[in-house]
Amino acid sequence: MSETTAHDAVDFAPPAEVGEMELYHAKTWIGKYVWSQDAKVIAIQYGITAIAIGLVALVLSVIMRLQLGFPNTFSFIDPSNYIQFVTMHGMIMVVYLLTALFLGGFGNYLIPLMVGARDMVFPYLNMISYWVYLAAVLILVASFFVPGGATGAGWTLYPPQAITEGTPGSDGGIILMLLSLGVFIIGFTMGGLNYVVTVLQARTRGMSLMRMPLTVWGIFVATILALLAFPALLVSAIMMLLDKLIGTSFFMPAMVSLGEQTAYDGGSPILFQHLFWFFGHPEVYIVALPAFGIVSDLLSTHARKAIFGYRMMVWAIVAIGGLSFIVWAHHMYVSGMNPYFGFFFATTTLIIAVPTALKVYNWVLTLWRGNIRLNVPMLFAIGFVFTFINGGLTGLFLGNVTVDLPLSDTYFVIAHFHMVMAVSPVLVIFGAIYHWYPKITGRMYDDGLAKVHFWLTFLGTYAIYYPMHYLGLEGIPRRYFAYGDTAFMSESSQDLNAAITIAAIVVALAQLFFIYNMIVSYFRGKKADPNPWEATTLEWQTADNPPKHGNFGPELPAVYRWAYDFGVPGAADDYIPQNVPPKDVKKA
Amino acid sequence: MVFAIVLILLIFGSLLFHVVSPWYLTELASNWSTIDFTLDLTFWVTGVVFVAVNLFMAYAVIKFRYNRNRRSEYKPEDKKLEGWLTGITAVGVAALLTPGLFVWADFVTVPEDAHVVEAVGQQWNWSYRLPGEDGKLGAVESRFISDDNPFGMDADDPDGQDDVLITSQTVHVPLDKPVKFNLRSLDVLHDFAVAQFRVKMDLVPGLVSYLWFTPTRTGSFEVLCEEHCGLAHFAMRGMVVVDEQADYDAWLAAQPTYSEILAMKAGDPSVGEGTYAVCVACHGAAGEGNQALNGPKLAGQEGWYMRRQLQNFKSGARGAHEDDETGKQMAAMAGMLVDDAAIENVIAYIETLPDNPPPTTIVGDVASGEKIYRNCSVCHGVNGEGKAATRAPRQAGMSDWYIASQLKKFRDGIRGAHPDDDFGMQMNLMAAILQTEDRVNDVVAYINTLSGKKPQQVATRENH
């Protein structure tokens, strides 16, 4: 028995029951860095692609804000392309940036390293997954250039308008969007199966499920959600394509379009909404759960304190994941569905607030009696907790069916979901990139630039989205190109819109600090320590920094403890890596 | 330290913003004060949590800032604390949910004595139908919808004969009486939302949704479409006017029923010819237009559009703006049309005039105009032919100098901004994108290239 009193540590790691997987070590540069089967390289391919297309979406949002802040000042923005920008901004950010970056990017980089595996279980499939994702992105980008332009159906793509003449991009644009989504889902499925199987099958000796870092838990459960939720989007995309291309009526009832009779009959627009949100609500957690997991690890590591309530955190992730499949119609309270659904979905939705609140308490309690190092990743992590509390609480307005009535379809909704699903996860993404940058590149980023980036992004986004709720309370609707003279809207709401636009421009420009820092530090940054944050998880214990193909040295690490041994009484150091057995712990 | 102070400033700054914000719920005009109550309650509960948890976090960041000589506490979990937190949160959530569900139960239960109004949405305008004296709305069918039957009325259904059909975007309701809006869409999704009434609901083609409220103060309240319905979504605006009973009754008496509309006599062109004599000076003997006298070409314009504009001129909804010199002239002339029959007759005559292309007078960049026109084509047609369903007149083959002058008037609020000009507001919003003279000329130059042909109707559904 060891003298330290760690939460979960034993001197024994069970022997390996199967041999190690054999890796294909590419011999050419192209094999190593282009058609790569190394999950770490694939992760970076995913990451760079996702951030690149995300920057396109960022520019689109600035264009939207220019029109909203200074209506009809810029002649290159008109009602037609405005709604196309709105649509493409939303879809790119949710699917092609956030989903791809969290799962394809962080999932690929961190899962094998953190569970102590040489690579993903199916490296070849993993490689194809990225190239299929890239194809989906290119199809999406191509839709900007077809006649009629990209779809302007709103990112929710609600029929009938998504495929009828009155919406911009209702020909080539919507067809390419649906195709791109289909291709994305195929690519994701290849990657997603890999992540799940790797977590279940390829954990190293001693890495029990309940010793996994919460980052892996978050990504793991999010991937399962995605594997179950994306098929709903796939079938709706296929059915809508059929409605568009060969005139079936899955979602199309008998209707006219711009005064002309159509041949549609018998379809249900609300069916599409159920399918879309059966995907769309879990999608929120597909983005949020990896962020929850990562931020738990950032907070624990930089607060030098064991995550508070690890078991509760794991069960909360699982419970949120499960519940996320029975709340979807809270997006549809005023959709015209049977209003009695409101009772059920409001109840399930508010229940999901309980495990979510517990996660917040546990993050804050992790800081309590910690020894907090305000490194850049920690700034972002605490910033996340702040914005997430804000965004989570406004969810209690919209989830409660009655309160949703005046707020639905207004800027309150925009403010809520950007706070909770854009700002919060993006703060985690930045925190995570700064946190793992020394591992990925072997160099340190510039601390000063990173802090400027943090402050402008954190304060700037709060200045955008906090006041925006109040536009919604006044009743100002979303997806409007201009408001004209509307009696109930105050004159000053236009001033507020102008202020929000200025904040948005500042935030957008602040990202240049990030990009500059990432690129320049890659070449000129200080050489990084292999474990600069004195972290416990396996990725920081690799033989090489950055880790080579195969991740670890000749022997895989064995795991003797959970991932959060910070400040263990009796130990000399304030942290004990997962691969250190109790007998090897230096005593104080 | 700095970080924690910033967090504390953000917490109190957010509270302060909430207190001083001039942007908040509009003044309530319905019975749904209970909705406002649930919203206020949610603000209180979430506000307390927001302050408490964030202050706790900021305090922790200060108190437990890094000290190389200190160790963090090693406390992986605390079942009791976690249990308490779960319990308190569950209680808080139940306190929000319970009143919410009770109010929702009220919302889904329509009072039996509610007065019924059907709001009909289509890209991008509103119209309304009242059940008439029998209290029953007649049957409607999507396949019956046409320019002549915009509501899709089933002519054989006796219940529909006395239905009151309102093709204006404004509907009146009586004060203090519960009203149920049945919501029907002819094409895509829309949403019927009035900020001051608090309630809203989507319109879904293929089914009838509803909402109800009791108006509690008189006034005019804008109906906004709040479900994205295509390009001109932002320009889809209706109006609910809440009247005292007497005013309501007077308004209702002036609205035509379905059978009255069916019985309406068509205009007589031979009578109209006489009336047209006063128009000839400016609009030309063949309705060909005369730029020198500011008279646009009339021949070939849609009858329903001329009817609406003549009525607008007569009622003062158009041509009353002090800067609208030519509009004022026309308003004076339209006053000479004594009644609706006179309007019908003169329109009937104009419809017999030969439709010859007028000379083009506007020069502009056609490629630039084509880009702008993509915003116009959804209503006015890809060939500039006009569409009754979108209330949009023909553009192609009409006087180009006149279109340019009207676009500028719409842009500058000289035309269309009158509260009674039902569809003018849409053009005010749209013409705002024509910031410069060049852009006006570009789009008109593009319109000059259009054929004005009605596209062949491609799709027809079999009647069954």
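Predicted model: local features only at pLDDT ≥ 70, side-chain atom pairs only at ≥ 80, totals over all residues.

1. Extent of the interface. On chain A, 136 residues are in contact with 115 residues of chain B. The two chains, A and B, bury about 10800 Å² between them, and 66% of that area is on carbon and sulfur atoms.

2. Polar pairs and composition. Between chain A and chain B, 47 residue pairs are in polar contact, counting pairs with both residues at pLDDT 80 or more. On the side of chain A that touches chain B, helix α9 (residues 341-367) gives the most, with 15 residues. That side of chain A divides into 81 nonpolar, 38 polar and 17 charged residues.

3. Salt bridges. The rule finds three across the interface of chain A and chain B. B:Glu77 forms a salt bridge with A:Arg311, and their closest N and O atoms are 2.9 Å apart.

4. Domains of chain B. Chain B is divided into domain 1 (2-66 + 77-108), domain 2 (115-260), domain 3 (265-356) and domain 4 (360-464). Between the C-alpha centres of domain 1 and domain 3 of chain B the distance is 61 Å.

5. A:Thr49. This residue is found in helix α2 (residues 39-69) of chain A. Is A:Thr49 buried or exposed? A:Thr49 counts as buried because its relative accessibility is 11%, where the cut-off is under 20%. Its side chain reaches the backbone oxygen of A:Gln45 at 2.7 Å. Leaving aside neighbours within four places in sequence, A:Thr49 is in contact with A:Tyr130, A:Tyr133, A:Leu134 and A:Val137.

Methods. Residues numbered from 1 in each chain as written. Chains lettered and ligands numbered in written order. Heavy atoms only, no water. Helix = DSSP H or I, 4+ residues; strand = E, 2+ residues; numbered from the N terminus. Buried < 20%, exposed > 50% of the residue type's maximum accessible area, 1.4 Å probe, protein only. Polar contact = N/O pair within 3.5 Å; in protein donor to acceptor, adjacent residues only side chain to side chain. Contact = heavy atoms within 4.5 Å. Domains from an automatic or database assignment. Buried area = accessible area lost by both parts, 1.4 Å probe. Salt bridge = Lys/Arg side-chain N within 4 Å of Asp/Glu carboxyl O. Nonpolar A, V, L, I, M, F, W, Y, C, P; charged D, E, K, R; others polar.
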